[in-house]
Amino acid sequence: MLRGEVANELPSELSEAGWTGLEQGWWASIQVRGQDCLLAETSLDALIEINGAPETLVVGPGQIEVSGVPVMWTRVPLAAYTAAWASAIERCTRGAPAE
């Protein structure tokens, strides 16, 4: 989801409330924390199938597992997120492909 499969649903501007999206069993969330935004995505279908209390395991940088379901996340400076969207919108307005 965050890699562009439904890019028209990703917010170009973020508020303190953040953003959460669902698309065909996939969950993504962007949360603003000070000058950073945290982006996360995972399979909602797999999370729903977890029985009992979920167990969280840190697998490595940017990856945790919730009862065996991988959750990928990254931290991006809010200014970089905003600048990337501004650049993409400007390039699309000109008819140029995104870089």
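Strand S1 (residues 19-23) runs antiparallel to strand S2 (residues 26-33), and the two are joined by five bridges. Here, strands are DSSP runs of type E with at least two residues, helices are H or I runs of at least four, and numbering starts at the N terminus; two strands pair if DSSP finds at least two bridges between them. Across this pairing, Trp-19 has Ile-30 of S2 as its bridge partner. Two residues sit between the strands of the S1 and S2 hairpin, where Gln-24 takes a positive phi near 45°.

S2 also pairs with strand S3 (residues 36-43), again in the antiparallel sense, this time over eight bridges. Gln-31 stands opposite Leu-38 in S3. This hairpin has two residues between its strands as well, and Gly-34 takes a positive phi near 65°. As a general point, side chains in a regular strand alternate between the two faces of the sheet.

Stepping back, this is a predicted model, in which local features need pLDDT of at least 70 and side-chain atom pairs count only at pLDDT 80 or more, while totals for chains, interfaces and linings use all residues. Residues are numbered from 1 along each chain as its sequence is written, and side-chain values use heavy atoms, with hydrogens and water left out. The protein chain has two helices and six strands, and they come in the order β-β-β-α-β-β-β-α along the sequence.

Of the chain's 99 residues, 27% count as buried (under 20% relative accessible area; exposed is over 50%, and partly exposed lies in between, with a 1.4 Å probe and protein chains only). The accessible surface, from the Shrake-Rupley method with a 1.4 Å probe, comes to about 6,600 Å², and 56% of that belongs to carbon and sulfur atoms. As for contacts (heavy atoms within 4.5 Å), residues 24 or more positions apart make up 36% of those with a separation of 6 or more.

Then there are the salt bridges, two in the structure, each a side-chain nitrogen of Lys or Arg within 4 Å of a carboxyl oxygen of Asp or Glu. In one of them, the side chains of Asp-36 and Arg-75 meet at 3.6 Å, N to O. That pair links distant parts of the chain, with Asp-36 in S3 and Arg-75 in strand S6 (residues 69-77), 39 residues apart. Asp-36 is partly exposed at 21% relative accessibility, whereas Arg-75 is exposed at 54%.

Arg-94 and Glu-90 form a salt bridge at 2.5 Å, N to O. Both belong to helix H2 (residues 78-94), four residues apart, or about one turn of the helix. Arg-94 is exposed, at 52%, and Glu-90 is partly exposed, at 38%.
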